[in-house]
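User: I'm new to this one. Please walk me through it.

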Amino acid sequence: MIGVDMGSGDRLALGVLTQYRMATTEQMHRAPDVRIEQTRRRLARLRTEGLIDRITLPQAGRTRVWFPTAYGVQLASEWPEMRGHRPSRTVSDPTAGRLKVGHALTVTETALAFLEDARRRGELCRPLDWLTEVHHPIGSGEAVIPDALLYSKRGPADGDNGAMLRAFVEVDRATMGPERLAAKLPAYERLHRYMSTIPGRRRPTIGQKPELEDWRRHYPLFPRLLFVLDGTGPAGIEKRVTALCAAARQLAPSRFLHDVPILAASLADLLHHGPSALVWRPVHDPDERVRWTVTGHRHT
């Protein structure tokens with residue numbers, strides 16, 4: 001890697017592409033927040049060294065879309081800041097990339113909306129605080145795999161007192177019916193109460209501590225659940241919010257609904273107003289508007 005400086009922004013650029021899976025040149029320059037010319041030179045260096053590659057979209061002015069190669073993923077996955085990340089199996093396959101480019105770029109655009117909003121507010125949300133497709137088993141060979149897991153810290157970026165917020169993010173482009181989108185809620189409810197079974201382990205007796213749900217090994221609190229809706233007009237957004245509300249009612253009563261904020265917003269609102277604005281609609285009360293950063297359970 002003669003032309004690549006892995007101690008500089010080159011390393012961050014490769015890390016971003018490994019975690020985000022795909023990004024345009026314009027999106028890449030917004031992630032590390034550098035000049036577009038600097039980003040173009042950086043991407044060219046990484047491609048020359050075989051760490052990333054690109055596809056060109058025939059529409060939209062022949063936009064270049066970048067993705068990491070298998071070599072790039074292997075290298076980046078060894079870094080401490082990437083520990084625990086499970087790269088997509090198809091991230092370095094150009095053919096599969098073309099089939100998934102629409103959804104992947106929308107997920108990246110959603111990530112940048114949160115990242116840029118935090119920068120404007122002086123809060124801490126770094127490019128690598130957005131992890132795509134984190135695998136969460138729920139038994140019987142099934143798993144919950146959100147489009148992204150987001151980490152964001154409230155309060156000044158240079159302070160120590162801000163609360164760390166975590167969110168599962170589902171990005172919907174209206175490529176599936178509202179009912180299939182709403183079917184994700186029961187899966188998350190199952191994850192909320194899931195406890196893995198270890199062969200030979202006995203059930204706790206009186207006086208022993210009860211077994212804990214698996215998610216508690218990874219998070220101090222269950223991440224809030226955010227649905228970002230795109231690919232349809234206002235009427236389509238309403239149908240999808242209505243379907244999510246109906247699915248939530250079918251789960252009641254449930255500790256999941258009480259403990260975990262479940263919010264929905266359109267990507268258009270996020271891009272126009274910012275994710276921290278009053279654009280999120282709680283599934284238990286879709287006529288209300290809240291901020292996704294509100295702390296406490298859903299009734300506060």
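User: Start with D10. Buried or exposed?
Analyst: D10 is buried, because its relative accessibility is 1%. Buried means under 20% relative accessible area, exposed over 50%, and partly exposed in between, using a 1.4 Å probe and protein chains only.

User: Before we go on, what sort of model is this?
Analyst: This is a predicted model: local features need pLDDT of at least 70, side-chain atom pairs count only at pLDDT 80 or more, and totals for chains, interfaces and linings use all residues. Residues are numbered from 1 along each chain as its sequence is written, and side-chain values use heavy atoms, leaving out hydrogens and water.

User: How confident is the predictor, then?
Analyst: The protein chain averages a pLDDT of 86. That score is the predictor's confidence in each residue, from 0 to 100. At least 70 is reached by 84% of the residues.

User: Which elements have the lowest and highest confidence?
Analyst: Lowest is α5, with a mean of 89. Highest is strand β9, residues 224-229, at 98. Helices (H or I, at least four residues) and strands (E, at least two) are DSSP runs, numbered from the N terminus.

User: Back to D10. What does its side chain meet?
Analyst: R45, in a salt bridge at 2.7 Å, N to O. The two come from distant parts of the chain: D10 is in helix α1 (residues 9-20), R45 is in helix α3 (residues 36-48), and they are 35 residues apart. A salt bridge here is a side-chain nitrogen of Lys or Arg within 4 Å of a carboxyl oxygen of Asp or Glu.

User: And how accessible is R45?
Analyst: R45 counts as partly exposed, because its relative accessibility is 29%.

User: How many salt bridges are there in the structure?
Analyst: The structure holds 20.

User: What does R11 bridge to?
Analyst: R11 meets E81, also at 2.7 Å, N to O. R11 lies in α1 and E81 in the loop between α4 (70-76) and α5 (94-121), so the pair ties together parts 70 residues apart in sequence. Both count as partly exposed: R11 at 23% relative accessibility, E81 with a relative accessible area of 36%.

User: Which ring does the charged end of R11 sit over?
Analyst: The ring of W79, 4.3 Å from its centre. To count, NZ of Lys or CZ of Arg must be within 6 Å of the ring centre and within 35 degrees of the ring normal.

User: What about R217 and D214?
Analyst: Their side chains form a salt bridge at 3.3 Å, N to O. R217 is exposed, at 64% relative accessibility. D214 is buried, at 12%. Elsewhere, salt bridges that share partners join E26, R30, E109 and E116 into one network.

User: Let's look at α1 as a whole. Mostly covered or mostly open?
Analyst: Mostly covered: nine of its 12 residues are buried. Among them are A13, L14, V16 and Y20. From first C-alpha to last, α1 reaches 16 Å, close to the 16 Å expected. The expected span is 1.5 Å times one less than the number of residues.

User: What happens just after α1?
Analyst: R21 takes a positive phi of about 80°.

User: Which residues of α3 are buried?
Analyst: I36, T39, R42, L43 and L46. These residues cover an arc of only 115° around the axis, which puts them on the same side of α3. That arc is taken from the directions from the helix axis to the C-beta atoms.

User: Why does that spacing work?
Analyst: An α-helix has 3.6 residues a turn, so residues three or four places apart point the same way.

User: New topic: how many aromatic pairs?
Analyst: Eight. One of them is F168 with Y188, tilted, at 5.6 Å centre to centre and 40° between the planes. F168 is in strand β8 (residues 164-172) and Y188 in helix α7 (residues 184-193), so the pair ties together parts 20 residues apart in sequence. Rings of Phe, Tyr and Trp (its six-membered ring) pair if their centres lie within 6.5 Å; planes under 30 degrees apart are stacked, over 60 edge-to-face, the rest tilted.

User: F168 and Y188: buried or exposed?
Analyst: F168 is buried, with a relative accessible area of 0%. Y188 is buried too, at 1% relative accessibility.

User: Which cluster do they belong to?
Analyst: Ring pairs link F168, Y188, W215, Y219, F222 and F256 into a cluster.

User: Last one. Where is T293?
Analyst: In the segment after β11 (281-282). T293 is buried, with a relative accessible area of 9%. T293 and R154 are 139 residues apart in sequence and 7.7 Å apart in space, C-alpha to C-alpha.
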